[in-house]
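Please view the sequence and the coordinates together while reading.

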Amino acid sequence: MTQGINHLGLAVRDLDASVAFFTDVLGWSESGRDDSYPRSAVSDGTSRLTLWQVAQDPPPRAFDRRQNIGLHHLALEVATRAELDDLHARIRAYPGATVEFAPEPMGQGPRHHMMFAEPGGIRLELVWPGE
C-alpha cells in the first residue's frame with residue numbers, strides 16, 4: 001500500500017558539517033532548515049533526507065552496524081564510473097569524511113561501489129550499476 005520512501009531521517013553528530021558535505025560534495029540542495037530543533041533537509045531532486053542534530057552532552061556515540069539495530073548504510077547511485085571516481089577523490093579530500101574502501105567491483109562486475117562516512121557519522125555507499 002505504500003508508494004516509496006518520502007524521506008529518510010538521520011541523526012548526525014554535526015548538522016552544519018553534514019549539510020555542507022551533502023551540498024558541497026554531492027551537489028544536493030538544502031531546504032526546510034529549523035535551527036530551533038535543530039534539523040534540515042537535503043535533496044538530490046529524487047531522494048530527500050532530513051538531518052537531525054544529536055545532543056552533545058553526553059558526547060554522542062557512533063552507530064555500530066554490528067551491534068545496534070538501525071541504519072546499516074545508505075546507498076546512493078551515480079550515473080557513470082567517472083562520477084564515482086570523481087566523488088571518491090572529493091570525499092577522500094573532504095575534512096571529516098572517512099573512506100572505508102575506494103571504488104571496487106561488486107562481485108564479478110561491471111558494477112562498482114565504495115563505502116565512506118560523511119562528517120556527521122553516517123555510513124554511505126556510492127554505487128555505479130555498470131554499463
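## Salt bridges

The structure holds five salt bridges, a salt bridge being a side-chain nitrogen of Lys or Arg within 4 Å of a carboxyl oxygen of Asp or Glu. The model is a predicted one, in which local features need pLDDT of at least 70 and side-chain atom pairs count only at pLDDT 80 or more, while totals for chains, interfaces and linings use all residues. Residues are numbered from 1 along each chain as its sequence is written, and side-chain values use heavy atoms, with hydrogens and water left out.

Three of these pairs are set out below.

| Salt bridge | N to O distance |
|---|---|
| Asp16 and Arg33 | 2.3 Å |
| Asp85 and Arg81 | 3.1 Å |
| Arg123 and Glu100 | 2.8 Å |

In the salt bridge between Asp16 and Arg33, distant parts of the chain are linked: Asp16 belongs to helix H1 (residues 15-25) and Arg33 to strand E2 (residues 29-34), 17 residues apart. Helices (H or I, at least four residues) and strands (E, at least two) are DSSP runs numbered from the N terminus. Asp16 is partly exposed because its relative accessibility is 47%, and Arg33, at 33%, is likewise classed as partly exposed. In these terms, buried means under 20% relative accessible area, exposed means over 50%, and partly exposed lies in between (1.4 Å probe, protein chains only).

Asp85 is partly exposed at 33% relative accessibility, and Arg81 is partly exposed with a relative accessible area of 29%.

In the salt bridge of Arg123 with Glu100, Arg123 comes from strand E8 (residues 123-128) and Glu100 from strand E6 (residues 98-105), so the pair ties together parts that are 23 residues apart in sequence. Arg123 counts as buried at 15% relative accessibility, whereas Glu100 is partly exposed with a relative accessible area of 41%. Elsewhere, salt bridges with shared partners join Asp16, Glu30, Arg33 and Asp35 into one network.

## Overall form

The chain contains two helices and eight strands, arranged along the sequence in the pattern β-α-β-β-β-β-α-β-β-β. For 131 residues, a compact globule would have a radius of gyration near 14 Å, and the 15 Å of the chain agrees with this. The radius is taken over C-alpha atoms, and the globule rule is 2.2 Å times the number of residues to the power 0.38. Along its principal axes, the C-alpha trace spans about 45 × 30 × 30 Å.

Buried residues account for 34% of the 131 residues. Where contacts (heavy atoms within 4.5 Å) join residues at least 6 apart in sequence, 47% of them join residues at least 24 apart. The chain exposes about 8100 Å², of which carbon and sulfur atoms supply 50%; accessible areas come from the Shrake-Rupley method with a 1.4 Å probe, and for residues only the protein chains shown count as cover.

Val42 is located in strand E3 (residues 39-43) and counts as buried at 0% relative accessibility. Setting aside residues up to four places away in sequence, Val42 touches Val19, Phe22, Trp28, Ser29, Glu30, Ser47, Arg48, Leu49 and Leu51. The C-alpha atoms of Val42 and Ser31 are 6.1 Å apart in space, with the two residues eleven apart in sequence.

Phe116 is part of strand E7 and is buried, with a relative accessible area of 1%. Beyond its neighbours within four places in sequence, Phe116 is in contact with Phe21, Ile91, Thr98, Val99, Glu100, Ile122, Arg123, Leu124 and Leu126. Among these residues are Glu100 and Arg123, which form a salt bridge with each other. Leu71 is 45 residues from Phe116 along the chain, and their C-alpha atoms are separated by 14 Å.

## Cis peptide bonds

Most peptide bonds are trans. The bond from Tyr37 to Pro38, however, is cis, with omega near -10°, and Pro38 sits in the loop between E2 and E3. Gly109 and Pro110 are also joined by a cis peptide bond, with omega about 5°; Pro110 lies in the loop between E6 and strand E7 (112-117).
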